[in-house]
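I opened this entry to get my bearings in a structure I had not seen before. My notes follow in the order in which I looked things up.

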Amino acid sequence: MSEHHHGDGHGHHHDNHFTDMEARVKALETVLTEKGLIDPEAIDAIVETYETKVGPRNGARVVAKAWSDPEFADWLKRDATAAIASLGFAGRQGEHMRAVFNTPDTHNLVVCTLCSCYPWAVLGLPPVWYKAPPYRSRAVIDPRGVLAEFGLELSAEKKIRVWDSTAELRYLVVPERPEGTEGFSEDALAELVTRDSMIGTGLALSREAAR
Amino acid sequence: MNGPHDLGGQHGLGPIAPEKDEPYFHAEWEKRALGITLSCGAFGAWTLDESRHARESLPPPIYLSASYYEIWVRALETLLKRHGFITQAELDTGHMLEKGREPKRVLKAEMAAGVLAKGGPCDRPVDRPPRFAVGQTVRTKNFNPETHTRLPRYARAKVGVVEAVQGSFVFPDDNAHGKGENPQWLYTVVFDAGEVWGEGADPTLTVSIDAWESYLERV
């Protein structure tokens, strides 16, 4: 990939953009505010929502409940949107949910090769790498190489299923429940569920790792 | 369109480099970019599909080197100008110069939580039965429209199997260009990696896309 912009006459490395972008966004926000088109306090409210309320702990609650409650797991398989909404998680970028379950045979991995589709309602805002060209280009052709970058080596026999989110369905991976967690409460189980395990770039933590 | 956004299967784009304990935002302006983009989406002046098309229409060198929030900001400027809300002169001076178009709705702070919680469902009823059934073998179309589509290049003219009929949804290829929602049935279609990538493909890999009915042909 090119290290520099060729089209906009700036030519900074993209890690050093902040000053340009700060000015650009400030101008945009000022114009829109002067025109009465945006409410700066609404922007604060949106940011606060995704910094403090809507994040991967939501998804962890869904997974922990699916591990603990077979009826809920079955509902999640059949109608993920409704099952997830029953725990209070719904809304933007979670309108049409699908839950895909890892099994001893198959590992699931979610990507959006065309943009940045991600299940905000259960995972919050996507990480930078999820939206960036390296992950989006490689997940569909070389998932084992991708997983290796996350420190995850799957056995050679394990099947890998990659879900490219090309429409408005948003995918949540339900990782396998770690061994030795019989009798764990839902709260304790939720602690084992990482964000990456719900994208497929990781596994749930073992009970030892969680300590 | 065969734009810079259609990345599946490209090589040479570098390491993924996941960050440890990654923050949600890497600069204050990214927070403002998120909030401004969502606020302007609430005008109701354009669709999600049109905004995606604005992003993928950025020049490839910019698209590939920009952070995602920068892509959002650049595309938002295009949309705001296209729909008459602001002018380039205003962006250049950083101040209002003329009264622009009035939106249907301005997102106020007290509305934000409700709007985010409601989201924007895209499922719509259609009055005909699905043309394809679960288990049916289908071939994706070969086409290269200059307009918006959600059929990635790597998955064109490929034979796969319908795994699920997912309901009926707004058709982005039309909706992005103001041609109406024209909903269609949507299918999850799964391909063996060998069909998609050919020689050297990972034999344990299958890849699925969600494909609108008009992307698919009988085999």
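Predicted model: local features only at pLDDT ≥ 70, side-chain atom pairs only at ≥ 80, totals over all residues.

**Core**

I looked up the largest nonpolar core and found that it has 119 residues. The residues with the most contacts inside this core are A:Ile46, A:Val63, A:Val162 and A:Leu172.

I picked A:Leu172 from the core list and looked up what it touches. Leaving out residues up to four places away in sequence, A:Leu172 touches A:Gly59, A:Val62, A:Ala80, A:Met97, A:Ala99, A:Pro119, A:Val122 and A:Met198.

**Chain A**

How many helices and strands does chain A have? I found 12 helices and four strands. Chain A has 211 residues, and buried residues make up 53% of them. I looked up the extent of its C-alpha trace along the principal axes, which is about 55 × 40 × 35 Å. For contacts in chain A with a separation of 6 or more, I noted that 69% are between residues 24 or more positions apart.

**Chain B**

Chain B has eight helices and five strands. I wrote down their order along the sequence as α-α-α-α-α-α-β-β-α-β-α-β-β. Of the 219 residues in chain B, 42% are buried. The C-alpha trace of chain B spans about 60 × 45 × 35 Å along its principal axes. I checked its contacts between residues at least 6 apart in sequence, and 65% of them join residues at least 24 apart.

**The sheet**

I traced an open sheet of seven strands, with strands from chain A and chain B in it. Its order is S2(A)-S3(A)-S4(B)-S3(B)-S2(B)-S1(B)-S5(B), and the pairing is mixed.

In chain B, strand S3 (residues 184–192) and strand S4 (residues 205–212) pair over seven bridges. Do they run parallel or antiparallel? The sense is antiparallel. I noted B:Thr188, which stands opposite B:Asp210 in S4(B).

Technical notes
Residues numbered from 1 in each chain as written. Chains lettered and ligands numbered in written order. Helix = DSSP H or I, 4+ residues; strand = E, 2+ residues; numbered from the N terminus. Buried ≥ 20, exposed ≤ 12 C-beta atoms within 10 Å, placed from the backbone. Contact = placed C-beta atoms within 7 Å. Pairing = 2+ DSSP bridges. Core = buried A, V, L, I, M, F, W, Y, C linked by C-beta atoms within 7 Å.
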